[in-house]
Amino acid sequence: MNQVSVLAQNIPVESHAEASLLEVRDFSLRRKKATVLDRITLSLSPGETLGLIGESGAGKSTLAMALIGLLRAPEVEIEGSLRFRGTELTALKEADFRRLRGNKIGLIFQDATAALNPCFTVGKQIAEPLRRHLGLSASACRARAVELMQSVGIPEPRLRLDAYPHELSGGMQQRIMIAIALACNPELLLADEPTSALDVTIQAQIMELILDRVRALNSSAIFVLHDLALGAQVCDRIAVMYAGQIVEEGPSERVLNAPLHPYTQGLKSCVVELGMPTLTPIPGQIPPLDAMPNGCRFAPRCPKAQAICGEQRPETQTRDGRQVACWFID
Amino acid sequence: MWQATFTKLGQTLLVLLLVSVASFSFLKLAPGDPVTIMLGSDYSKASYDQLTQELGLDQPVIVQYGHWLANFVRGDWGTSYITNQNIFELAVFQALPVTLTLAAFSLLIALVIGIPTGVMAALYRNSWVDVLATTLAIGGNAFPSFYLGIILIWVFGVGLGWFPTLGFVAPWDDFWQGMWHLALPAITLGAWYVGLIARITRSSLLEVMGQPYILAAKARGEPGWRVVWVHGMRNVLMPLITVIGLQLGGMLRGAVMTEVVFSLPGLGMMITSAVLNREYIVIQAGIMLTGVLFVVLNLMVDQTYQFLDPRLRRRK
């Protein structure tokens, strides 16, 4: 028994690596001495959806950028491990990482209008990953692009193939973005606030579409969102981030219905619900990166903070089926 | 699209009309009487009056202008008193091709050197590459082209004897001889443009590389060179073309200097010697031709711009 646990601690266990698609372990990212991501630990099984929830500046998008390898050493300082299908991403050569991008890992940007190149037709931009990663011929690319456009609900895809991005509406542009991200049937889809730039009426459609496609392809997905309720609704699990740390992580229902961390509780009371008398905002804001408190990063804003919170960082503990980092869990 | 083109053409014609009025009245205001110049110092009153009448100089100015413009449009630009050459032929068939060849070759050199320099400076921003490129760019811009031309002649023409110091051989007659003769003048004229192109390329590329669509291209697994040269540079082309177009006037001005320094029989040389000889009708032709050239080139740049930027094209 003792032997087994020693083994489990020191050697990356193969079976475990196979079981989860993505293993993030004690991953830290520093930029100009400021710790943007602080010892992030996460895992994602095949077919699972995870929501990264938090205010802007929490490091959600940074984590997504690191996962797809657009933020790497030496541009930023990195510590810890990112394992994708058992491959250590942090040690991967740039040329090898490039083979994953847009292929095994897809990324949907927040603002499709800005993320589509204005000088190339949408057909060309959908065809790019097909050509690069799957080596399809020009005509096969076009045929597949039409299929993809159809799958993301673009009417008359054959006509739209040669349209430039500015000729399409915002919702259509985001559909194109989704088609590009899913072109090579990625095993992991990263969606960075995929609906924030869209009209409210289209947001639900687009979210439904992404979930639908992810399920159809049996991919895993990480949604970067700032809305806790939306996250709980669309994702199997939720990781609440605050100032570069994960403060609470667990199954969506439990995190939403019975949040343990004071920050999650604060986020929940910010959610507008019918019949609720008042909103309770969280006082203050995320401290600047170069002035992070030594102890719990949320302590200055926390209603439950005691002396220890300002001095020592709380260890992550397992409680009620989830991971929480707080000294005072009820 | 068609309406825009017609509007543009109308504007162009208006500009040309203004150029013609300016060049016509400029010569009316210039000192010296063309009749006395043509007759020499010894002439009778009768021959003076006869020539004045022949040249139409006794008629009202507006009529003279009308005649002159009509003749100009017809291609009847008169005959040089000094060489007795048909000025239309001299300007359009002899001088213009030389100037265009020089300008095109200089632009080509400037693009081939300026774009990669600008790209390198942008990619390795604030490194020694950037400092070197920026220094060269500003140096090229600041260095007077006639002086650079003289230095090049002195070093590579006279000193090392690698290149001819003057003269023009048409590249369409003898390509290598032509290139050989054009090398120094084109470098002289292009040096000024290199700096401009490198600087615009650098600043535009820096801006473009910060755009989300560049990140998106990387996220699709595009290799670095394609991200820069295809996704990035495609968007840099538009500001680049605009600046090249805006500086075409400078190019033509530079061509005059360069042609004089290297004795190339182009438009600049033609105008310069006409000024020295007080051959007013040749100057007039030169001004008009330069004006037309400038306006036509600008029109072409405008059209290119529409062609390059899909957002300016009309929706289907």
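In what order do the elements of chain B run from the N terminus on? They run α-α-α-α-α-α-α-α-α-α-α-α-α, and the secondary structure of chain B comes to 13 helices and 0 strands. The model described here is predicted.

**Chain B overall**

- The C-alpha trace of chain B spans about 85 × 60 × 35 Å along its principal axes.
- Chain B has 316 residues, of which 32% count as buried.
- When contacts in chain B between residues at least 6 apart in sequence are considered, 70% of them join residues at least 24 apart.

**Helices 5 and 13 of chain B**

- Helix 5 of chain B covers residues 87-123 and helix 13 of chain B covers residues 280-308; the two pack at an angle of about 45°, with their axes 10 Å apart.
- Because of that angle, helix 5 of chain B is oblique to helix 13 of chain B.
- The crossing in which helix 5 of chain B passes helix 13 of chain B is right-handed.
- On the side of helix 5 of chain B, the contact involves B:Ile87, B:Ala91 and B:Leu96, which meet B:Ile281, B:Val282, B:Ala285, B:Gly286 and B:Leu289 in helix 13 of chain B.
- The residues of this contact divide into 7 nonpolar, 1 polar and no charged.

**Contact between chains A and B**

- In the contact between the two chains, 24 residues of chain A touch 18 residues of chain B.
- On the side of chain A that touches chain B, at least two residues each are supplied by helix 4 (94-100), helix 5 (112-115) and helix 6 (122-134) of chain A.
- Helix 6 of chain A provides the largest share of that side, with 4 residues.
- The residues of the side of chain A that touches chain B comprise 12 nonpolar, 5 polar and 7 charged.

**Helices 6 and 9 of chain A**

- Helix 6 of chain A also packs within its own chain: its axis and that of helix 9 (residues 170-181) of chain A come within 8 Å and cross at roughly 20°.
- Helix 6 and helix 9 of chain A are therefore roughly parallel to each other.
- Helix 6 of chain A passes helix 9 of chain A in a crossing that is right-handed.
- A:Val122, A:Gln125, A:Ile126 and A:Pro129 of helix 6 make this contact with A:Ile176, A:Ala179 and A:Ile180 of helix 9 of chain A.
- By residue type, the contact of helix 6 with helix 9 of chain A holds 6 nonpolar, 1 polar and no charged residues.

Definitions and conventions:
Residues are numbered from 1 along each chain as its sequence is written. Chains are lettered from A and ligands numbered from 1 in the order in which they are written. This is a predicted model: local features need pLDDT of at least 70, side-chain atom pairs count only at pLDDT 80 or more; totals for chains, interfaces and linings use all residues. A residue is buried if 20 or more other C-beta atoms lie within 10 Å of its own, exposed if 12 or fewer, and partly exposed in between; C-beta atoms are placed from the backbone. Two residues are in contact if their C-beta atoms, placed from the backbone, lie within 7 Å. Axes are lines fitted to C-alpha atoms, for helices over the stretch in contact, and angles run from 0 to 180 degrees between N-to-C directions. Angles under 35 degrees count as roughly parallel, over 145 as roughly antiparallel, 65 to 115 as roughly perpendicular and the rest as oblique. A crossing is left-handed if the near helix is turned anticlockwise from the far one by less than a right angle, and right-handed if clockwise. Ala, Val, Leu, Ile, Met, Phe, Trp, Tyr, Cys and Pro count as nonpolar, Asp, Glu, Lys and Arg as charged, and the others, Gly among them, as polar.
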